[in-house]
Amino acid sequence: VSLRAQMDNNIESLRIGNPIEGTPALPASRQSHLASLSASWDAYSTQLARVLNGQQAIARVANVSNEIRRYLPELLATSDRVVEALVSSGASPVQVSLATRQLMFIQRFQVTLNEILSGDEGAVVAADRIGRDGALFGSALQGMLNGSPQVPRVEDPAIRQILNQVYDQFVVINEMAGELLAHAPDLLIANSAAREIDALSS
């Protein structure tokens, strides 16, 4: 029997008695105190269940975040090569500016991951932000590879080869970012419950 179930049984035994174990019910004069204890325990137990149910999501978010961190330096280095190659080739200011902005997104990914792992109230907002930033990064990358009304297509074969490397690296990271978003609601519930437990325990 779990500790939570045992506590429930103990409170119930004190409320109505337990003939099997020979435990009498508390006298009527003490029932109000027991009711107060029972209400506090119910609140604590509810939040504890939410934390326990969210443990798998919390662990998965931590693992995925660490995996993304492992891939980010490579993505940053390759994207930096794109900027250097565009500048060296005399590419348009729009292309250079866009490629430089990609570096900012990658650096912001790192900051956002730290916010997610902190587990505070901003963790879910951070998970949503990494999804939006990933979408913007992907859109710009597609523009450089395929062209768009806003972004001229990069034609230089050598630079396109580097861009394709960026694409391959980004696909892996973006899939993991999607998993973070999927777990965000569970993370919010578990973190909120943990804070509630702290408040009840103080």
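Guide: A term is needed before we start: a cavity is a set of grid points where a 1.4 Å probe fits but cannot get out, and its lining residues have an atom within 4 Å of a point. Please keep in mind that this is a predicted model.

Visitor: Understood. How many cavities of 30 Å³ or more are there?

Guide: The count comes to two.

Visitor: What is the volume of the largest cavity, and which residues line the largest cavity?

Guide: Its volume is about 40 Å³. The lining consists of Ser79, Val82, Ala99, Gln102, Phe137, Leu141, Met144, Leu163 and Val166. Helix H3 (55-89), H4, helix H5 (123-146) and helix H6 (157-201) each give two or more residues to this lining.

Visitor: Which element gives the most to that lining?

Guide: H5 does, with three residues.

Visitor: And how do the residues of that lining divide by class?

Guide: Seven are nonpolar and two are polar, with no charged residues.

Visitor: Now the second largest cavity. How much space lies in it, and which residues line it?

Guide: The second largest cavity holds about 30 Å³ of space. Phe109, Ile130, Gly134, Phe170, Ile173, Asn174 and Ala177 form its lining. Two or more residues come from each of H5 and H6. H6 supplies the largest share, four residues.

Visitor: Let us turn to H4. Why does its end-to-end distance agree with a helix of that length?

Guide: Helix H4 covers residues 93-118, which is 26 residues, and at 1.5 Å a residue it should span 38 Å; its end C-alpha atoms are 38 Å apart, so the two values agree.

Visitor: Which residues of H4 are buried?

Guide: The buried residues of H4 are Gln95, Val96, Leu98, Ala99, Gln102, Leu103, Phe105, Ile106, Phe109, Thr112, Leu113 and Ile116. Among them, Ala99 and Gln102 also line the largest cavity, while Phe109 lines the second largest cavity.

Visitor: One more topic: where does Gly122 lie?

Guide: Gly122 is in the loop between H4 and H5.

Visitor: Why does Gly122 count as partly exposed?

Guide: Gly122 has 26% relative accessibility. Partly exposed covers values between the buried limit, under 20%, and the exposed limit, over 50%, so Gly122 falls in that class.

Visitor: How far apart are Gly122 and Leu163 in sequence and in space?

Guide: They are 41 residues apart in sequence and 33 Å apart in space, C-alpha to C-alpha. Leu163 is one of the residues lining the largest cavity.

Terms used
Residues numbered from 1 in each chain as written. Predicted model: local features only at pLDDT ≥ 70, side-chain atom pairs only at ≥ 80, totals over all residues. Heavy atoms only, no water. Expected span 1.5 Å × (residues − 1). Buried < 20%, exposed > 50% of the residue type's maximum accessible area, 1.4 Å probe, protein only. 1 Å grid on protein atoms, 1.4 Å probe; cavity = no way out; pocket = protein on both sides within 12 Å on 5 of 7 lines; lining within 4 Å. Points joined across faces, edges and corners; volume = space filled by probe spheres on them. Nonpolar A, V, L, I, M, F, W, Y, C, P; charged D, E, K, R; others polar.
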